Amino acid sequence: MHTVKAIYPGSFDPLTNGHLDLIARGAQFADELVVAVLDNEEKHPLFSVGERVEMLREATREVGNVTIATFEGLLVDFAKQQGARMVLRGIRAISDYEYELQMALMNRRLSPDVETVFMIPAEKYSYVSSRLIKQVFNLGGSVDGLVPPNVLERLKARAGRAAK
Ligand code: PNS
């Protein structure tokens, strides 16, 4: 039988409800969806790769066909290693398109067998990014409802204060 295994790669620093929305959508179409966390510790992310994996595992526990993994190096190499030919990415707005197009075409050049598929997250999360979540939280603003509860708890714990 023909089964579809897809990779949903990203930094997930931290996971947002926009990411979760995309995972839920992707999991409906792929038989197996591997959420792949980029191991980019040299870029000094807010959360370690281990913490990001834990947050994803906690938040996707209920979705049966989703697994969480980490990767280093080229995404297409990881996809090959996993036996996956589909890469899933979200596009929120036109501004995402240029960067996503570059990555998709570079990945296609590196590995023509791997196809990038784009999905659009729920419009209520179309302005949500990990970068803005960190900025707003650090400046004392509320990110409640934009990240899953376990991520909010970790943000609070990291900052050593009660989040609004
Ligand atoms: O969530 P992000 O930070 O937008 O995700 C970017 C990611 C992880 C998908 C991208 O940086 C990536 O695939 N990195 C691995 C290196 C790679 O394969 N580069 C060549 C293709 S552009």
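Okay, so when I say buried, I mean a residue with under 20% relative accessible area. By that cut-off, 47% of the 164 residues in this protein are buried. Keep in mind that this is a predicted model.

Let's start with the layout. The protein has 6 helices and 5 strands, and from the N terminus they go β-α-β-α-β-α-β-α-β-α-α. As for overall size, the C-alpha trace spans about 50 × 35 × 30 Å along its principal axes. The radius of gyration is 16 Å, which agrees with the value near 15 Å for a compact globule, because that is what 164 residues would give. And if you take contacts with a separation of 6 or more, 73% of them come from residues 24 or more positions apart.

Now, the inside. The largest nonpolar core has 33 residues, and Tyr8, Ile23, Leu33, Val35 and Leu56 touch the most other members. Several elements supply at least two residues each to this core, including β1, α1, β2 and α6. Apart from that core there's another one, of 11 residues, with Ala36 and Val114 among them.

What does leucine 33 contact, leaving aside its neighbours within four places in sequence? Well, Ala6, Tyr8, Ile23, Gly26, Ala27, Asn65, Val66, Thr67 and Leu88.

Last stop, a helix pair. α2 and α6 pack at an angle of about 145°, and their axes are 9 Å apart. The residues of that contact split into 3 nonpolar, 1 polar and 5 charged. On the α2 side you've got Glu51, Glu54, Met55, Glu58 and Ala59, and they meet Asn150, Val151, Arg154 and Arg158 in α6.

Note on methods:
Residues are numbered from 1 along each chain as its sequence is written. This is a predicted model: local features need pLDDT of at least 70, side-chain atom pairs count only at pLDDT 80 or more; totals for chains, interfaces and linings use all residues. Side-chain values use heavy atoms; hydrogens and water are left out. A nonpolar core is a set of buried Ala, Val, Leu, Ile, Met, Phe, Trp, Tyr and Cys residues joined through side-chain atoms within 4.5 Å. Buried means under 20% relative accessible area, exposed over 50%, partly exposed in between (1.4 Å probe, protein chains only). Helices (H or I, at least four residues) and strands (E, at least two) are DSSP runs, numbered from the N terminus. Contact means heavy atoms within 4.5 Å. Axes are lines fitted to C-alpha atoms, for helices over the stretch in contact, and angles run from 0 to 180 degrees between N-to-C directions. Ala, Val, Leu, Ile, Met, Phe, Trp, Tyr, Cys and Pro count as nonpolar, Asp, Glu, Lys and Arg as charged, and the others, Gly among them, as polar. The radius of gyration is taken over C-alpha atoms; the globule rule is 2.2 Å times the number of residues to the power 0.38.
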